[in-house]
Amino acid sequence: MVKLQRELVMSKSKIKYSKPAEKAQKPLSTDLEANDYEGISFDRLFHATLSQFSTWLSPGTLIMSFADWLIYLFFAPAKRADLNKDALKKLGYLLLYIQQQSQGKCEPCIEVRQTDHRFQNELWSAFPFNIYTQSFLLTEGWWNDATSHLRGVSKHHGNVVNFVTRQFLDVFSPSNFPGMNPEVISTTMIEGGMNFINGWSNLIEDIIRHLNNKPPAGAEQYKVGQNVAVTSGKVVYRNHLIELIQYEPTTSTVYPEPILIVPAWIMKYYILDLSPNNSMVKFLVDKGHTVFMISWKNPTSEDKDLDLSDYAVYGVMDALKAINQIIPQEKVHTVGYCIGGTLLTMVAARMAAKGDDLLKTMTLFAAQTDFEEAGELQLFIDENQLTYIEDIMWEKGYLDGAQMAGAFSMLRSIDLVWSRIVYDYLLGKRQKMSDLMAWDYDTTRMPYKMHSQYLRYLFLNNDLVEGRLKIHNENINLADIKIPIFAVSTTKDHIAPWKSVYKIHYFTDSDITFVLANAGHNTGIVNVPGEPGRTYQMLTHKLEDKHLAPDVWVERAPHFQDSWWPAWEKWLAGYSGTKMKPPQMGNPEKEMRPICDAPGTYVLKK
């Protein structure tokens with residue numbers, strides 16, 4: 001079975017890369033000349049105004065999805081009959097459960113999902129709260145059946161209907177109502193109602209902060225350059241898109257090969273340089289590595305025409321040129337996080353095709369190359385939705401970071417929205433702010449053209465692995481990449497699912513070490529050694545035996561305790577030379593004098 005899987009995967013890869021794709025890259029709808037018609041400006045303005053009420057969700061996508069579902073449901077009488085039978089069956093289970101309550105404890109009709117933290121408290125198992133829980137979960141289950149696996153409905157429309165229905169049902173969860181939530185009732189009795197007074201105060205404070213564009217309560221204690229992003233360094237290069245930070249050595253000798261970290265431009269770089277005890281940069285520097293970090297500019301309306309090629313050339317490639325001037329004749333370990341890793345992969349393929357062997361290794365953190373199964377963000381990727389997003393960006397020339405944050409919050413609304421409402425406003429408490437949480441609220445913007453290309457070329461068309469993506473009119477072929485790869489994924493990643501990240505195996509001719517950590521998109525990467533509960537799987541395999549199906553990989557990969565950081569640093573050291581005297585900061589001889597102290601200026605711009 002494994003042999004067959006390998007043959008299928010290898011044949012798929014050969015089909016994609018046996019010759020350059022003949023299919024032309026699809027034009028962007030952001031090219032105004034190709035989309036110009038009388039009144040287009042009014043339509044864009046209308047959509048931008050409408051987004052004030054619908055956020056980033058396209059009403060067209062929602063209408064078409066529900067229409068598709070309703071039409072096929074109407075013409076599926078057998079399915080409707082089965083749903084009616086299922087509703088009666090679930091009602092019967094609930095009535096039987098209620099009856100048995102008077103006779104003592106009984107097994108629940110439906111178990112609470114382990115990932116659903118709303119009903120984990122043992123107070124929910126007492127009458128009548130267990131009835132509320134069972135009623136809600138049975139209703140939720142029925143609607144899931146009603147909006148799933150309906151013959152004739154497109155997969156995309158079905159997923160949208162299922163997702164939106166779940167969001168709507170979550171509003172009516174018994175945990176959201178004070179009189180039905182036993183935790184709220186118990187707290188109210190103990191505190192004499194002070195929880196509601198405190199909750200009201202919290203609500204007013206949050207509204208005022210929102211209206212004044214201030215971060216949530218507690219975030220102000222983390223200040224960039226004061227207690228986060230404080231690893232000592234200098235900005236040694238700056239252009240209109242990036243600042244390049246070189247970090248000062250903390251050891252008497254360092255490995256000769258520098259490390260360049262390419263963070264995602266949808267986040268501030270300092271997620272990898274948080275508090276000193278929580279900083280990946282400090283961890284690497286203290287191990288004797290010379291680290292460089294790209295700090296992306298937070299774009300404004302003036303940057304609306306920046307595109308993916310600009311981010312590749314003026315971002316990653318300019319940074320590599322600068323490093324090569326500071327530390328000449330040494331190859332570079334490269335690291336890419338999320339979409340920064342995708343961009344790095346594109347640059348690595350382009351450099352390899354040109355015979356440029358400057359890169360020593362490539363490390364990818366939660367970075368996808370094949371976007372066919374790109375997680376729940378795919379729910380809202382279609383032509384209608386992308387046109388709507390483009391029109392939202394058209395007015396200002398960028399997508400506001402708050403809108404992107406809202407999209408991510410919706411994907412985990414139970415934990416990021418409703419649970420917070422209960423905790424802050426009904427229980428009257430405040431969750432302790434961490435450096436990672438504060439960073440999460442320090443949002444960035446996405447320029448108009450680049451973000452359109454990112455969504456269309458990668459999410460919608462999957463052009464990267466199909467061989468159609470170009471950097472400055474030159475096609476990218478991932479099979480050109482031959483350098484060793486260290487790829488990290490996480491089990492709870494809803495942005496870059498680990499099986500999607502795993503597909504890097506199928507498109508490169510590299511030896512790959514793959515890691516699967518037991519956390520989420522951010523917490524699995526900011527994985528400081530010594531924290532309790534951290535585990536990971538890791539398996540290094542050569543080119544000839546790397547084509548394993550993901551489920552087979554999980555069975556074979558050994559398990560390890562604690563963080564994967566030490567294993568990664570050991571891997572980097574294994575591909576590095578003998579330690580030597582640290583390089584100078586910048587290179588004054590080539591007019592690359594340090595410009596200012598880290599964290600620089602771009603990261604501070606709101």
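Where in the chain is the place of proline 128?

Tutor: Happy to walk you through it. This is a predicted model, in which local features need pLDDT of at least 70, side-chain atom pairs count only at pLDDT 80 or more, and totals for chains, interfaces and linings use all residues. Numbering starts from 1 along each chain as its sequence is written, and side-chain values rest on heavy atoms, without hydrogens or water.

Proline 128 sits in the loop between helix 5 (77-101) and helix 6 (129-146). Helices here are DSSP runs of H or I with at least four residues, strands are E runs of at least two, and both are numbered from the N terminus. Another cis bond joins alanine 598 to proline 599, with omega near 15°; proline 599 belongs to the segment after strand 15 (596-597).

Now follow helix 6 to the loop that links it to helix 7 (155-171), where you will find histidine 149. Its phi is near 55°, a positive value in a residue other than glycine. With a relative accessible area of 80%, histidine 149 is exposed (over 50%; buried is under 20%, partly exposed in between, with a 1.4 Å probe and protein chains only). Asparagine 473 also has a positive phi, near 70°, and lies in the loop between strand 9 (470-471) and strand 10 (474-475). Asparagine 473 counts as exposed too, at 70% relative accessibility.

Further along, helix 8 (residues 182-191) packs against helix 9 (residues 194-211) at about 105°, with axes 7 Å apart. The two are therefore roughly perpendicular (65 to 115 degrees). Val184, Thr187, Thr188 and Glu191 of helix 8 make the contact (heavy atoms within 4.5 Å) with Met194, Asn195 and Phe196 of helix 9. Helix 9 also holds arginine 209, which is buried at a relative accessible area of 16%. Leaving aside residues up to four places away in sequence, arginine 209 touches Lys214, Pro215, Pro216, Ala217 and Glu220.

Stepping back, the protein chain contains 21 helices and 15 strands. Of its 606 residues, 52% are buried. Among contacts with a separation of 6 or more, 82% come from residues 24 or more positions apart. The C-alpha trace spans about 85 × 60 × 60 Å along its principal axes.

Key
Axes are lines fitted to C-alpha atoms, for helices over the stretch in contact, and angles run from 0 to 180 degrees between N-to-C directions. Angles under 35 degrees count as roughly parallel, over 145 as roughly antiparallel, 65 to 115 as roughly perpendicular and the rest as oblique.
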